[in-house]
Amino acid sequence: MANGNTSGNHNGLLYGIIGALCVVLIGGGIYVFKAADKPAEAPVQVAKPAAPPPPAPPVATPRPQPPAPAPPAGPSAAQIGQARNLIIDARRFASLGDFSAAETALQNADRAAPGFAEVAQARRDIAEMRTAGGQLGPLNERIRRAIERGDFATAERTLGEAERIDANAPEVIEVRRELRAAERQGNRQQDGRQDGRVTILVTAARAAIAVGDLAAADRALAQAEQVDPRDPAVVQARADFYTAERTARPRRN
């Protein structure tokens, strides 16, 4: 009896295990069957980016105009020529001591050629001329030009102007020496010319006396006396004329 019970228990356990396996197999088959019958899910659509808007039609832009030609840099050749002529005038006025007229000429040069460097240089030079030393230079030049043409009166007047500025300046002393030397030379030349003229006139007077032409002799002696009345030859010729005149009177009677 005991063995029969034990064999029955073992059989029951075996049957239970087999039944459980069957259940598992059947359940798995059912799950696989259901999974195969389930419809596949639609794939998720990824949103495409929106297309960019069409570009706006190009706006016609006005064609740029060519730039206007730039004005020439600095004064033109004509302006420079006019300014240089005015600078020459300014320097000439300054050399004559007329500094007001010189400045007027420079202002006109400024207007003719603005920014012209030669105008500024001329203004500096003329400003220097207005000083004592600067004024003496032009005066000395005027004195020397007067000496060269033998105009001693003008040279003396101009020397007086220079001496009023600075009589002891070396350049004034030098030009004074030049003037005095020229005056002495001029006097010697003048004396020589006078001596020659006196000699000619006295010779003519004596020739007229010798031929008895006392009227011609008197005219020649009168001209000689205008040149140098104290010349010994003129004085002696006049005395001889009076003697000839006294001698001639009785013969005419």
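Trainee: Which residues of helix 3 are buried?

Mentor: First, a caveat: this is a predicted model, where local features need pLDDT of at least 70 and side-chain atom pairs count only at pLDDT 80 or more, while totals for chains, interfaces and linings use all residues. Residues are numbered from 1 along each chain as its sequence is written, and side-chain values use heavy atoms, with hydrogens and water left out. Buried means under 20% relative accessible area, exposed over 50% and partly exposed in between, with a 1.4 Å probe and protein chains only. By that cut-off, the buried residues of helix 3 are Phe99, Ala102, Ala105, Leu106, Ala109 and Ala112.

Trainee: What is the distance between the end C-alpha atoms of helix 3?

Mentor: Helices here are DSSP runs (H or I, at least four residues; strands are E, at least two), numbered from the N terminus. The expected span is 1.5 Å times one less than the number of residues. For the 14 residues of helix 3 (residues 99-112) that should come to 20 Å, and it agrees with the end-to-end distance of 20 Å.

Trainee: Is helix 2 roughly parallel or roughly antiparallel to helix 3?

Mentor: Axes are lines fitted to C-alpha atoms, for helices over the stretch in contact, and angles run from 0 to 180 degrees between N-to-C directions. Under 35 degrees counts as roughly parallel, over 145 as roughly antiparallel, 65 to 115 as roughly perpendicular and the rest as oblique. The axes of helix 2 and helix 3 cross at roughly 170° and come within 8 Å. That makes the pair roughly antiparallel.

Trainee: How many nonpolar residues are in the contact of helix 2 with helix 3?

Mentor: Contact means heavy atoms within 4.5 Å, and on the helix 2 side the residues include Leu86, Ile87 and Phe93, meeting among others Phe99 and Leu106 in helix 3. Ala, Val, Leu, Ile, Met, Phe, Trp, Tyr, Cys and Pro count as nonpolar, Asp, Glu, Lys and Arg as charged, and the others, Gly among them, as polar. The contact has 3 polar residues, 1 charged and, for your count, nonpolar 13.

Trainee: And how does helix 2 run against helix 4, roughly parallel or roughly antiparallel?

Mentor: Helix 2 (residues 77-95) and helix 4 (residues 117-129) pack at about 0°, with axes 10 Å apart. So the two are roughly parallel.

Trainee: Which residues does Thr158 contact, leaving aside neighbours within four places in sequence?

Mentor: Thr158 belongs to helix 6 (residues 152-166). At 3% relative accessibility, Thr158 counts as buried. Its contacts beyond those neighbours are Leu139, Arg142 and Ile143.

Trainee: How far apart in space are Val234 and Val202, C-alpha to C-alpha?

Mentor: Val234 is in helix 9 (residues 232-252) and is buried at 1% relative accessibility. Val202 is among the residues Val234 contacts. The two are 32 residues apart in sequence, yet the C-alpha distance is 6.3 Å.
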